[in-house]
Every structure is written in structure tokens, then in C-alpha cells.
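Open your viewer and get ready to select residues by number. This short tour tells you what to pick next and what you will find there.

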Amino acid sequence: MRYIIIGAGAVGGTIGGCLFQGGHEVVLVARGAHLDALRRDGLRLATPLGTEVLPIPAVSGPAELELRHDDALIPTAKTQDAEALLAEWAWQPVPAEPDGLSDSVAAEVIPVACAQNGVASERFALRRFRHVYGMYVGLPATHLEPGTAEAYGVPLAGLLQVGRYPAGTDPMAGRIGEDLTKSRFLAPVSADVMRWKYAKLLDNLNNAIEALCGPEHTGFAAEPRSDDAAELYHRTRAEGIAALRAAGIAHASRAEIAEVIGARVRIEQVDGSARSGGSSWQSLTRGTGTIEADFLNGEIVLLGRVYGVPTPVNEALQRLANRAAAERRAPGFMTPAQVLAEAGVPHA
């Protein structure tokens, strides 16, 4: 199977790089200076185990690649970019092959495994693609420099739980999970993968807090370090839990996730440095002009509006994060107390 990684940043670069190291055929899809660096030098994958430059083919899109019946698409671009990218790939031709497989298009024959934060990409994909899989992504990684991905997990790079969307398993899910398992990932196959992705959604509500207020206030990958940050964090998550409950949507518990991961994914330094921040923090740091808040905090806002659950803190985080991205603000320019005030929750 050939894996086409659509969006070879932190997560995509790590998944593609580890699959390549595991002996699998991989193509990276990127753009701009990152694509130029990948084509010129290859992917520089830095981990606690060392740094390797990998000569993985890189393209800008489907026009540069002839699709095959044994391809699998793994979109890892941020969810705000997912629908346009999926539409770009869906109707590309897949030529007939000597073993009798006939001409087709990607949407009919190529599986798509959505390795993104949030829970919207799978629905975007299923509108076009027949074979869609969800992937829970617990993968500590960073992409700040063109051509480079840093992955901080050891001995395994991360948890990539995969299952059929909207539910169930099949041989393809098993094949993807097996290939990932052989490539330094913890990759169990789950019949209810979206229950795990909703758990990740709750954790990712903190991404906007980290981007707006900085790791020094929110305690990236740890407990918040101030009373204001703790208040903001707990109100944000409580709104999320209330909205999911009102919608009748189940989510895995933190205890379940911790039990699966165990000691198999520890976060350690890469090149002598600790991980600086998560995906939304990285978007502001790189000045991309967009951020994933519409599909994280915005998902909770959407459910709250549908089911009559107030979500003022998530609304404020969604609004402020989008404004910060559009204005290309550097991360950490607000305090948790200011965010609470914007949400109408003054805090002493």
C-alpha cells in the first residue's frame, strides 16, 4: 500500500516519516517553502532517538501524481483546510491495472483515514469518498521550519487509533493499523473510533487557550499554572462536556486513554529542547493566517446552539483565536483573566 499524506506538517510529517522508516511507500503533499525544502533536501525527522533526513517524494497535489488502486489517503492538514483538499482529490482518475481492476475515481476506490483534530473531517470525506476511517491522533509533534518535523514521543511516536467511520471495523482498518504498528506507532483498531475522537476534542478545547495566553499560563501538557488559567480551562471543558451530553454523544474517559497509552508514549526532548506548544500555538507562531478553533471550540458552540446549552467561554475562545490568526498575532498576547472577561465571566 502507498500512503499519501495530505498536509506533511507536524502530524503528517511524523506519520509519513515513520511509515517510510518502517519500509512503506509514502508520498508527502505540501506547499510553499515547506514543499520546496522537502523536494530539495528530503524530510528532516527529528526524534528523541535521533535525527534522520528521509528522501520521501513530495508533491503539491494530485495533478503531480498518478493514483493507484493500492493507495490510501491520510489527510493531516488542519480541519479548516480539509474540505477543499478532499474535494481536490476525490474525483481524480484511478487508471485500470493489469490485475483486472478497472478505471475509477479516488472517491470510489481509495480509502481515506482522517488524522486530524476535531470531528468534522470524516463527515466532509464521507460526502465524497465511499471508504472513510477516523483516526484518533495522540501525537506530540511540532512543525515550525520548512522541511522539518519534530516528534517527541518514545518509545512509540504516538497513539493513532483507527476505525471505520461512522463506526465499525473492516480489513482495511486492520491493514492500516498493522502498518502503523510496524512503524513505531501504537495503533489499535477500534469499532467506536469517534468516541475516542470526541475525547480528543474535549482535550483540544485548551488549544485556543494556549495559543492566546501562552504555555506559561496554561501549562502545556500539564495542569494550568494559575488560578485564572485553571478557571478558564475548567469552564471551557465543562461547557464541552455539557454540550456532548445534551447531544447524546459519548466520549472516552481520560482514564481509558491513559490505560491504552501507558508508558508506551513518553514525551522527551528533541535536539536538547522540549516541545514548545500545540497545533494552534504553532499556527500563530508560523503566522499562517488561519487556526482550527472553528472545528474545536466551534464544534462545542455548534452543539450548544443546536441543543440549547450555553457556551460563552468557547464562543469567546473561537472568536478571539480567529481574530488573532487573521491579525497574525504572536501567541501569548492575552491573559486568562482577559479571556474570561471577554466571555462575560469576570474573575478576581
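Which residue forms a salt bridge with Arg195? Select Arg195 and Asp192 together to see the pair: Asp192 is the partner. The closest N and O atoms are 2.9 Å apart. Keep in mind that you are looking at a predicted model.

**Next stop: Arg68**

Now select Arg68 and Glu25. Their side chains meet in a salt bridge, 2.9 Å from N to O. This pair links distant parts of the chain, 43 residues apart. Glu25 sits in strand S2, residues 25-29. Arg68 lies in the loop between strand S5 (58-59) and strand S6 (71-75). Colour the two strands S5 and S6, and find the loop that joins them.

Show Glu25, Arg68 and Asp70 at once. How are they linked? They form a network of salt bridges.

Arg68 has 22% relative accessibility; buried means under 20%, so Arg68 counts as partly exposed. Glu25, at 39%, is partly exposed. Asp70, at 32%, is partly exposed as well.

**Zoom out**

You have now visited some of them, including Arg195 with Asp192.

**Last stop: Gly298**

Select Gly298. Where is it? Look in helix H13, which covers residues 297-307. Is Gly298 buried or exposed? Its relative accessible area is 9%, so Gly298 is buried.

Now show what surrounds Gly298. Leave aside its neighbours within four places in sequence, and Gly298 is in contact with Ala293 and Gln318.

Finish with a distance. Select Trp91 along with Gly298 and draw a line from C-alpha to C-alpha: 29 Å in space. In sequence, the two are 207 residues apart.

Definitions and conventions
Residues are numbered from 1 along each chain as its sequence is written. This is a predicted model: local features need pLDDT of at least 70, side-chain atom pairs count only at pLDDT 80 or more; totals for chains, interfaces and linings use all residues. Side-chain values use heavy atoms; hydrogens and water are left out. A salt bridge is a side-chain nitrogen of Lys or Arg within 4 Å of a carboxyl oxygen of Asp or Glu. Helices (H or I, at least four residues) and strands (E, at least two) are DSSP runs, numbered from the N terminus. Buried means under 20% relative accessible area, exposed over 50%, partly exposed in between (1.4 Å probe, protein chains only). Contact means heavy atoms within 4.5 Å.
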